[in-house]
Each structure stands twice: as C-alpha cells, then as structure tokens.
Amino acid sequence: MSSNNVLVVEGDTSRREMLSTLIEFINCQPIIVEEPEIWFDQIDDLGNIVMAIIGDCGGQHITKQLLRELVNHEARIPVFTLDLPDADILNFPGTIGSLRYPIKYPQLNNALQQATIYRGQTETNELNGSLFRSLVGNSHAIKMVQRMIDQVADSEANVLILGESGTGKEVVARNLHHFSSRRDKPFVPVNCGAIPGELLESELFGHEKGAFTGAITARKGRFELAEGGTLFLDEIGDMPLPMQVKLLRVLQERTYERVGSNKTQTANVRVIAATHRNLDEYIADGRFREDLFYRLNVFPIEMPALRERPEDIPLLVNELIKRIEHENRGTVRFSPAAMTSLCHYPWPGNVRELANVVERLVILYPYGTVDFDDLPEKYSLEGEELPEQVLATINAVPVPEMHRNLPETVIGSAETQLDKQAAERAEDSGAATSIPEDGLDLKEHLANLEYLLIKQALDETEGIVAHAAQKLKMRRTTLVEKMRKYGIQREVD
C-alpha cells in the first residue's frame, strides 16, 4: 500500500468517481468507502493514509462517529469535509478544513499539503505551524525546497541556504532543526551582519570576566547556548575575514575557547548558514574564504524569489490572513481582480513584503473586501494574462469569511447598519440625476447604488441568487462575487 493513500467516504457515486480521478491526478491512491457503517473493515492500515475526505455518510450521527474513530486512532488522520455545513462537524477535532464541490485540482493539492503538514506536526509533537508560512505553495520551486528539507533534515551535514532577503531562509533553517534528531535541543539564531565585527567573536564563543573593557561578568556564547542543537548563522556573507578563520577552525576541529580563556570547549553543534550575497563573487574579490565556503556548502538549498512562483501568492495571502485572524487582529479579503494584480507585481521584498502589504490592508479595510482600485498604487498593475496555473490557484483558494472575528452584537447589526448608511449616502449625494454643489465621490456613489440594487433584487426574489442575477441581467457568478465584496449574506443557491 502506498503511503499517499487518501480515504474517501462519500455516498454519491458521481462524486466518488470525480474524487478518485482527481486524487490519482495528484499522484495519490484513492481508498473508496461506499458503506460508511462498515468503513473500518474495508481499510487494511490507517497509518498509510495521508488524509481523509468525508462527504455524505447518511446522517450526522454516522459522520460524527466516523470522525471520532479517525481522530482517536493512533494514526491521527487529518480530515477534510466535503459540503458538510453543520458547525459541530466543521469544528470537530482533527477536521482541518472543508472542501466545496466541484473540487478543482489546486484546491485538492493544497489540502494534501495541509494534511502533510498536520501529520508532520503530530509526529514531532513540537512543530509550530507558523514555520511553514513562507513554505506554503504548490509551485515546483517550493516543492523542491520541501523535498530537500526532508532529505537533509535528519543528517548532520552543514547546510547553506541561499536566496534573496525576505524569501524565508530562517524558516527553512527552523524546519531543518525541527525535523532533525536535535529537535529537543536549542535552535540559536545569530545575524552576523547585525553585530559589529569586534564583538562577533564574543557573541559566538562567549567571554570570561575581564577579558576586555566592559566584560564585567563571564558570558556564554551562541555556540555554548546551542550545545546539542542547531546554530543558525544568518547573513554569513557579512562576517569579517578574521572571524571567518576562527569559524573555520571550529567547523574543522569542533573546539573553541571563550575570549580571555585558554580552556578548550567541545562544540556539539550543527551549523546552518544563510546569505543573500553571491559568495562566488565574494570569494573572487577576496571577501570570503573559499575553504570556509566549502565547509558550509555541504548541502546547499536555494530559496526561490516570490516573483518566480506567482502561483503561490494566493495561497500565501490566504495563510497570512489566517495568521492575522488567529491573533485577533481582524481580517480582510481580496477580489479576484486585486489578487490578479498582486500576482503581476515582482515583489522585490519577497514574502516579507507581501506580509507587510496584507497587514497594511487589514488596517485600511478591516473586515472588508480589497478590490483592484483599493490597492496601493505601486501594487495596482495590469499586464498580460497570467499563466493558467496562476489563474487556477486564484480561483481555487477559498475567500476568508468577512465577519469571522467580529463580536456577535456587531455581526447581528452589521447588515442593517450598512443598509442604512448606504441608503443615506445615496440619498445625500442625489441618487437621481443631480450632483451636489460640493461634488461627490463617483466611485462611492456608484458602489452605494449597486449595493442597494443588489439588496433589492435579492429581497424581491426571496434571496434566490440565480433569480436575482436574472433581474439584474448579470451572470450568477458575477453576482456572487459582488455579494462577497459588499458582505451581503444570503443563501447561495
């Protein structure tokens, strides 16, 4: 049996067939259960199942019983529900997400990635989900990074992580540590470029009392603090040449002395280094020692720039919004036009810049929808049509709920208040034909009218979206997107 089996429990034959085809397409093996009541008798080994998709099981009682058995089993199978609206089921422990029919390839592939991360968390009992935030993605480049982490994590080899600033090099280093046999020992980072050269030796190796002016007490260095664990040397390219010589000695002999001491100490530390510099050029210019480079570059991992993997941007945005929501700092959502614009931008600051933009927009448009015109000017870009895989990801990533973290008292009155404000603004600005003497904001005026007309059409059709779309002479999908934009909650038929 493959270790990438996906358990499918679904009563509808056509859905089972569709899921089987998609699962095989992502190089997994579907394990189909047609009779939920006896599902356990049909499975040989739950340990070989990477995730489960639970749809129509014939009733809530059977569904909850199935979920309980999956969660309580020692394999701890991560579960995705399929079109199950019941809140108790969606919030059931071990249920890490929900899928909507018809499922598209990027959505299922992203679910598989989340399940893999969940299983990794369960097996290590320590892995913090935030470690993967900069590694989220379905692009070939990021999958190569994930594969290399898996290959080298549990070895003792030195690793050199290369890549531009903001790509997530420290995230890779932390994953390497957490997936290694040293995970129970310290992970100690040090930025070699942020510490003056004359203090770096003391910072790394420690010092004795009186070793230099200002050394009023003895102090442990980063090597000593990382004993048994991992030392992460960030921006190693900025390390002064004299310190490079001393670091090389430690890597070769596994020994060092504190500043001001002649007592030799042993270093049982795995070294992971990172830099955004071109070390080949630095070596040619005499700014970096070639012998140290070969000591560090046992296993190189290169982090791709964000502009090289635009198909990952929607997934990263979604993950960043989840982080902000988890910290109770609000939420925001992006229209397809805004997301498309973000995918056109080259992102010189990479994931760090993307995170800053998302956080800024959460502050500017709390619990609202960001459209193309709402983006800061430098991010409002139009260009050639994006590749198919990028467009597919934009369409597949679920849009965060608008009022997810608002207090219930606010949620209950939100639509009523918005109706009142929109009507007042439309009336004040002269909704018929006249323009006020002091002028008006045409964009806001038209948005207010659009909002009111959509609400009117929905009210007249008793909330049936398809009928409302006919009255408004627009496509149903367009109306649904506009309802999301304005936060109009209706039963979507």
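**Close-up views of a predicted model**

**Figure 1. Leu231 in strand β10.** Leu231 is found in strand β10, which spans residues 230–234. The model shown here and in the other views is predicted. With a relative accessibility of 0%, Leu231 counts as buried, because buried means under 20%. Apart from neighbours within four places in sequence, the residues in contact with Leu231 are Val188, Val190, Arg222, Phe223, Ala226, Val269, Arg270, Val271 and Ile272. Leu204 stands 27 residues from Leu231 in sequence, and the two C-alpha atoms are 9.7 Å apart in space.

**Figure 2. Packing of helices α7 and α9.** Two packed helices are described by the angle between their axes and the distance between the axes. Helix α7 (residues 197–205) packs with helix α9 (residues 241–253) at an angle of about 20 degrees, and their axes are 10 Å apart. This angle makes α7 roughly parallel to α9. From α7, the contact is made by Leu200, Glu201, Leu204 and Phe205, and from α9 by Met243, Lys246 and Val250. Sorted by class, the residues in the contact of α7 with α9 are 5 nonpolar, no polar and 2 charged. The crossing in which α7 passes α9 is right-handed.

**Figure 3. Thr275 in strand β13.** Thr275 has its place in strand β13, which covers residues 270–275. Thr275 counts as buried, because its relative accessibility is 0%. Residues up to four places away in sequence not being counted, Thr275 touches Ile161, Leu162, Gly163, Lys169, Glu235, Ile236 and Gly237.

**Figure 4. Ile283 in helix α10.** Helix α10, made up of residues 279–284, contains Ile283. When residues up to four places away in sequence are not counted, Ile283 touches Phe288, Glu290 and Phe293. One of these residues, Phe293, is 10 residues from Ile283 along the chain, with a separation of 8.5 Å between the C-alpha atoms.

**Figure 5. Packing of helices α12 and α14.** Helix α12 (residues 313–326) and helix α14 (residues 350–364) pack with their axes 10 Å apart and at an angle of about 55 degrees. The two helices, α12 and α14, are therefore oblique to each other. Their crossing, that of α12 and α14, is right-handed. On the α12 side, Ile313, Leu316, Val317, Leu320, Ile321 and Ile324 take part, meeting Val351, Leu354, Ala355, Val358, Glu359 and Val362 of α14. By class, 11 nonpolar, no polar and 1 charged residues form the contact of α12 with α14.

**Figure 6. Cys28 and Cys343.** Cys28 counts as buried, because its relative accessibility is 6%. Cys343 likewise counts as buried, with a relative accessibility of 6%. The structure holds 0 disulfides.

**Figure 7. The protein chain as a whole.** The secondary structure of the protein chain comprises 19 helices and 16 strands. The chain has 493 residues, of which 48% count as buried. Of the contacts in the chain between residues at least 6 apart in sequence, 71% join residues at least 24 apart.

Notes: Residues are numbered from 1 along each chain as its sequence is written. This is a predicted model: local features need pLDDT of at least 70, side-chain atom pairs count only at pLDDT 80 or more; totals for chains, interfaces and linings use all residues. Side-chain values use heavy atoms; hydrogens and water are left out. A disulfide is a pair of cysteine sulfur atoms within 2.5 Å. Buried means under 20% relative accessible area, exposed over 50%, partly exposed in between (1.4 Å probe, protein chains only). Axes are lines fitted to C-alpha atoms, for helices over the stretch in contact, and angles run from 0 to 180 degrees between N-to-C directions. Helices (H or I, at least four residues) and strands (E, at least two) are DSSP runs, numbered from the N terminus. Angles under 35 degrees count as roughly parallel, over 145 as roughly antiparallel, 65 to 115 as roughly perpendicular and the rest as oblique. A crossing is left-handed if the near helix is turned anticlockwise from the far one by less than a right angle, and right-handed if clockwise. Contact means heavy atoms within 4.5 Å. Ala, Val, Leu, Ile, Met, Phe, Trp, Tyr, Cys and Pro count as nonpolar, Asp, Glu, Lys and Arg as charged, and the others, Gly among them, as polar.
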